[in-house]
Number of protein chains: 2
Amino acid sequence: MSLYVMKFGGSSVGNTERMQRVAKRIVEKQDEGHQCVVVVSAMGDTTDDLIDQAKLLNPDPPAREMDMLMTTGEQISMALLSMAIHQLGREAASFTGWQAGFRTESVHGKARIIDILPGRVQEALRAGKIVVVAGFQGMTEDGEITTFGRGGSDTTAVALAAAISADVCEIYTDVDGIYSTDPRIVKCATKLKEISYDEMLELASLGAAVLHPRAVEYAKHNKVRLVVRSSFNNNEGTVVKEEATMEQGVVVSGIAYDKNVARISILGVSDTPGVLAEVFGELARAEINVDIIVQSGVQNGEADFSFTVSLAECDNAVAVINNLKGHLPYREVTSEDGLVKISIVGAGMISHPGVAAQMFDVISKQGVSIKMVSTSEIKTSCVINGDKLNEVIKALHTAYNLDAEDQVFVGGPQDRR
Amino acid sequence: MSLYVMKFGGSSVGNTERMQRVAKRIVEKQDEGHQCVVVVSAMGDTTDDLIDQAKLLNPDPPAREMDMLMTTGEQISMALLSMAIHQLGREAASFTGWQAGFRTESVHGKARIIDILPGRVQEALRAGKIVVVAGFQGMTEDGEITTFGRGGSDTTAVALAAAISADVCEIYTDVDGIYSTDPRIVKCATKLKEISYDEMLELASLGAAVLHPRAVEYAKHNKVRLVVRSSFNNNEGTVVKEEATMEQGVVVSGIAYDKNVARISILGVSDTPGVLAEVFGELARAEINVDIIVQSGVQNGEADFSFTVSLAECDNAVAVINNLKGHLPYREVTSEDGLVKISIVGAGMISHPGVAAQMFDVISKQGVSIKMVSTSEIKTSCVINGDKLNEVIKALHTAYNLDAEDQVFVGGPQDRR
């Protein structure tokens, strides 16, 4: 007998029929002799509908009241799923975030979990019940209802799995698992059998939105064995686990891309100590996230440097730098969009020199020039012009031997929250 | 400065525009220098929609999970209303039933309030906030979410008003107040300026569904001053209060009717001690509510008796009595529908003999025979054939001087929960 945490996203419980299918799947798991704790997201478009209703009344609603509103979505899901399980002749008990023992910091809309007191969940399990927990929510010490922000239900599942020492945490979604790259671009993308936490983190942060990075970090920290699989079929899915236990030999596991990239360049910066610190300190105070930073060599006492931000933050970042014009010695600031960041990710890269060089070579053979480069132990990212994104990804996918022979991608637009 | 509890029913907050109007009304109350605690029901059809969703998954859903599901309706309302108030530049804080301190017995679907610990509500009031509380819900000692059943939000409002010693508890609904009778039948029905708790209880129980009887009882017990008024205009409404403080002189305050009546007669019952006890004991065990009971005189050691039940329970009641046939000595059981119970209610009746006699006289002058009579200190009820309901009510309304000169009824189908 194993203890499973099974997380179902919003599209997996999007209507009555899907809810019934999920209930059946959970009951089958119990029939195999396992204990089941289920984490659910809000049904389909519920979250968006609630946001729409709120915005009609208040374009900038208070975060506390948004949390009150949003948490009802998961509460509806969990109650309905419990009813569907009862209909199949099994006992089920649903619990809101606070009832399941999720204690969070006092921040609305993006609270972090401080502690989990899963006593009621464990008691219900001991009584032979299937436990259904509302994802994405918790409670502060003062009894205020909070939410975890994007990817919150994944985090609920992983954190609960850690708290009750579950054997596996299964993330059911509308795709079959983690792919070597976006199957909409590369038809022969491979479904990965397994991937390390660190690789998954890089892929998750880089736009392959199957698992939220926060949940992966939580899983890594607590050594929770994750399985990403489809709620629409019984295919095996992808196991996310520790690197040490993985098969060796694969250098590059996956290729991710991110279109949400703008580049800002500050030209002719006088080479005075502290200039970089001042620029990025100012951007941080404006809560602008900076990704890749590249500085050119110094010539004639002047340097150029460039960095990337998300498209939405580009204008704001330029404004921040323009405000520094008075006392910061630089000649010009420019910005550029229409870019894409392509990243190859693989735990094997660290022990295989030349992987990055091969990437540069493949890209240049497509006639594309590389604007920026960033590397870590398990990934290399290049910022290029977005025009030839598909060609570059296909070429890299082939170059790193990721093309599958006869793989068929199963899934649709991915299931987030 | 007074402390107000203001309760708004589902149709009063049924859409964005109505929600905004309610928010404005609350802010106006605060502008007059008062403190406001608002109790809200679920928006419009939300409750019915949730029930429909549940029934699709499970025709007989577990009561615990139904409570989980249903309480989201009020939670959505309270969050949205708080946002609408914020939009008008005021601070508002919403609280679920458990957050507002409602502790209930461990029964799902119709829990009674055991205690209220309104510390958080009072703290928010002290901070100058408008407090919005979800109606109809509470929590058991074990942290289980419960609901109060029909009329639950009225009960929330009255109980909270008692717990925080509010000066007034206003029940906003879609009618203007309590009328002397149904204005759909009698165009010149009078809106009552005031009415005693006991009269209101009789009227509420008798089908004038503006206020739930349970809430009225709670108000009477805790001496909470109630005002029933419209959320769609600023008319004065009806004050429900203690008899001792009321104007004297009015004998009959209102006329109520109930079409949900079936009469069951047991004929030729042998006059043995304990027969009545056995019949009604059996009906009680079958959870059938019996209203009026009339026994005719004994003739030849046999008696006939009749009683009324709701239409839905009629067949079941007849079946219960048929099951007694073996050992209960009676000749025949018959049932009859198409009836109506008309009641005149007035605290002044007790000191004015002849009020009931006048009622019988008015009814007989309409050529209608009276099938059953029941009286209490403040009401007289007659069961008659339903054919001439309107004529009889109009005649009674005139006979007891209730006709208004130039009153115009304002309101629609009434707003329940």
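Entry 1: The largest cavity holds about 70 Å³ of space. I worked on a predicted model, so I read this volume as a computed value. I then looked up how many cavities of 30 Å³ or more the structure holds, and there is one.

I listed the lining next. From chain A, the largest cavity is lined by Thr71(A), Gln75(A), Thr96(A), Trp98(A), Gln137(A) and Ile145(A). From chain B, the lining residues are Thr71(B), Gln75(B), Thr96(B), Trp98(B), Gln137(B) and Ile145(B). I checked the helices too: α3 (63-87) of chain A and α3 (63-87) of chain B each supply at least two residues of this lining. Sorted by class, the lining has eight polar, four nonpolar and no charged residues.

**Entry 2: strand β18(A).** I turned to residues 339-345 of chain A, which form strand β18. Is this strand mostly covered or mostly open? It is mostly covered, with seven of its seven residues buried.

**Entry 3: neighbours of β18(A).** I looked up the pairing. Strand β13 (residues 254-258) of chain A runs antiparallel to β18(A) and is joined to it by five bridges. There, Ala256(A) stands opposite Ser343(A). Strand β20 (residues 379-385) of chain A is also antiparallel to β18(A), with seven bridges between them. I noted Lys379(A) in β20(A) as the bridge partner of Val345(A).

Technical notes. Residues numbered from 1 in each chain as written. Chains lettered and ligands numbered in written order. Predicted model: local features only at pLDDT ≥ 70, side-chain atom pairs only at ≥ 80, totals over all residues. Heavy atoms only, no water. Buried < 20%, exposed > 50% of the residue type's maximum accessible area, 1.4 Å probe, protein only. Helix = DSSP H or I, 4+ residues; strand = E, 2+ residues; numbered from the N terminus. Pairing = 2+ DSSP bridges. 1 Å grid on protein atoms, 1.4 Å probe; cavity = no way out; pocket = protein on both sides within 12 Å on 5 of 7 lines; lining within 4 Å. Points joined across faces, edges and corners; volume = space filled by probe spheres on them. Nonpolar A, V, L, I, M, F, W, Y, C, P; charged D, E, K, R; others polar.
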